Amino acid sequence: MRRGRFELADGGTLLLDEISEIAPSLQAKLLRVLQENTFERVGSSMSQQVDVRVVATTNRNLDQAVEEGSFRSDLFYRLNVVPIEIPPLRQRTQDILELSRHFLHQIARRENSTFRHVEPEALRLLQRYTWPGNVRELQNIIERACVLEPEPGVIRAATLEPWLKIGSARTSSVQDLAGKPLADIERQVILSTLQQFKAIARRLPAH
């Protein structure tokens, strides 16, 4: 017997990340659980009652998704009880230092390695970037720097700079690829990645 997420979260909080991406068939089932506070395990006909606080997140405009018909209006209104809008990272650059420290602490614990610090010039570079990928992109950049930064104990601007410039170009190229065949998109992503690592390799010291 396997317990589902709602059953595990009974009496607590359940996070539904990227709620806009669930299929229409699952939207109907989720609405029923939220309306009635009950569910059935797969293969069972017995209903179980739960008391769960639901937090749903999305980076899409759900009002627009409802108008387009890709998201159920009744589920939207059921979820949209206390809406909290978090501004994109580019509008709250004061959070970048704390978020970077958080990711650096996570990496140090996970890898059992020394905690790194972000040098002031590197922080200014991070705060000037537009972050089209938001917090997840920042996390990716910090993790990449920890792997490829040649200087111990620090994250330098010289290491970050080529990636952030490439990030801006990548955003533009992704928009240009909209509607193109998957093979063309895959080819462009591979080429961009190779260019990125060539730029990194040029900055690494020779051994």
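Me: Let's start with H5: which of its residues are buried?

Reply: Bear in mind that this is a predicted model. In H5 the buried ones are Ile96, Ser100, Phe103, Leu104, Ile107 and Ala108.

Me: What makes those residues line one face of the helix?

Reply: Look down the axis of H5: its buried residues fall within an arc of 140°, so they line one face. On the other side of H5, Arg109 and Arg110 are exposed.

Me: How do you know that the length of H7 agrees with its residue count?

Reply: H7 has 15 residues, and at 1.5 Å a residue they should span 21 Å. The end C-alpha atoms are 22 Å apart, so the two agree. H5 can be checked the same way: 16 residues, 22 Å from the first C-alpha to the last, close to the 22 Å expected.

Me: Which residues of H7 are buried?

Reply: Glu137, Leu138, Ile141, Ile142, Arg144, Ala145 and Cys146.

Me: Why is threonine 159 called buried?

Reply: Buried means under 20% relative accessible area. Threonine 159 has 7%, so it counts as buried. This threonine lies in helix H8, and its contacts, leaving aside neighbours within four places in sequence, are Glu149 and Pro150.

Me: What about the largest nonpolar core, and which residues have the most contacts inside it?

Reply: That core has 22 residues, and the ones with the most contacts inside it are Leu126, Trp131, Leu138, Leu160 and Leu164. Helices H5 (96–111), H6 (120–128), H7 (134–148) and H8 (157–176) each supply at least two of its residues. H7 gives the most, with five.

Me: What does leucine 126 touch, not counting residues up to four places away in sequence?

Reply: Leucine 126 touches Ile96, Ser100, Val118, Trp131, Leu138, Ile141, Leu160 and Leu164. Two of those names came up for H5, where Ile96 and Ser100 are buried.

Me: How many residues are in the other core, apart from the largest one?

Reply: That one has 17 residues, among them Leu31, Leu34, Leu62 and Ala65.

Conventions: Residues are numbered from 1 along each chain as its sequence is written. This is a predicted model: local features need pLDDT of at least 70, side-chain atom pairs count only at pLDDT 80 or more; totals for chains, interfaces and linings use all residues. Side-chain values use heavy atoms; hydrogens and water are left out. A nonpolar core is a set of buried Ala, Val, Leu, Ile, Met, Phe, Trp, Tyr and Cys residues joined through side-chain atoms within 4.5 Å. Buried means under 20% relative accessible area, exposed over 50%, partly exposed in between (1.4 Å probe, protein chains only). Helices (H or I, at least four residues) and strands (E, at least two) are DSSP runs, numbered from the N terminus. Contact means heavy atoms within 4.5 Å. The expected span of a helix is 1.5 Å times one less than its number of residues. The arc is that of the directions from the helix axis to the C-beta atoms.
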